[in-house]
Amino acid sequence: MTKVLVSGATGTIGRPLVDQLEDAGADVRTVTRELTDPVALGAALDGVDAVFLLWPFASAEGAREVLELIGARRVVYLSSAAARPHEVEIERLIAGTAREWTVLRPHAFAANALRWAAQVRAGVVRQPYGDVAFSPVHERDVAAVAVRALLGRGAPRRGPHTDRAPAADPAGTDAGDR
């Protein structure tokens, strides 16, 4: 049985991730504030095969120390399509320490569309850049990709994976190579 440590287990991705890992038979541990406590994090990592890392800070400060504790395990890092400098730095640090690693860079979560609910009920949705199309990805789908990587079910990625749906086909014939 694979033992997986999940940071951010109560979040948008973390909740479905924990459920899917447990459904797949993984032994799941969760951490919240332990990322900043080396003793607690070290204890949480004991016997763990894989780590899902959600870095909850707006800088890479402290990431090197955390990743040194995580060491040569399988790591899945939830980054973002924005690839901000601190996220790219964490990706680089992971590539230098983990034996297998996958970086997920989802663009927009489907749940974010809920912010439009009142506008939809009113009949008009107003957003900047209204002609720009983007494809939100459902949180459970991001979690499913993370599960496969954490459990070693598929080739480990050696670079960022940006979750995107295929570009819309105006004729409606897009077969969608995902």
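This is a predicted model: local features need pLDDT of at least 70, side-chain atom pairs count only at pLDDT 80 or more; totals for chains, interfaces and linings use all residues.
Some ground rules: residues count from 1 along each chain as its sequence is written, and side-chain values use heavy atoms, leaving out hydrogens and water. Local features need pLDDT of at least 70, side-chain atom pairs count only at pLDDT 80 or more, and totals for chains, interfaces and linings use all residues.

**Exercise 1.** Find which residues touch the most other members of the largest nonpolar core.

*Solution.* Start with the term: such a core joins buried Ala, Val, Leu, Ile, Met, Phe, Trp, Tyr and Cys residues through side-chain atoms within 4.5 Å, where buried means under 20% relative accessible area (1.4 Å probe, protein chains only). Next, look through the 23 residues: Leu5, Leu53, Trp55, Ile90 and Ile94 come out on top. Now zoom in on Ile90: beyond its neighbours within four places in sequence, its contacts (heavy atoms within 4.5 Å) are Leu53, Trp55, Ala60, Ala63, Leu67 and Tyr77.

**Exercise 2.** Work out where the buried residues of helix 3 sit around its axis.

*Solution.* Helices here are DSSP runs (H or I, at least four residues), numbered from the N terminus. First, list the buried ones: Ala63, Val66, Leu67 and Ile70. Then look down the axis: their directions, taken from the axis to the C-beta atoms, fall within an arc of 95°, so they line one face of helix 3. Finally, see what covers them: helix 2 and helix 4 are among the elements that do.

Conventions
Buried means under 20% relative accessible area, exposed over 50%, partly exposed in between (1.4 Å probe, protein chains only). Helices (H or I, at least four residues) and strands (E, at least two) are DSSP runs, numbered from the N terminus.
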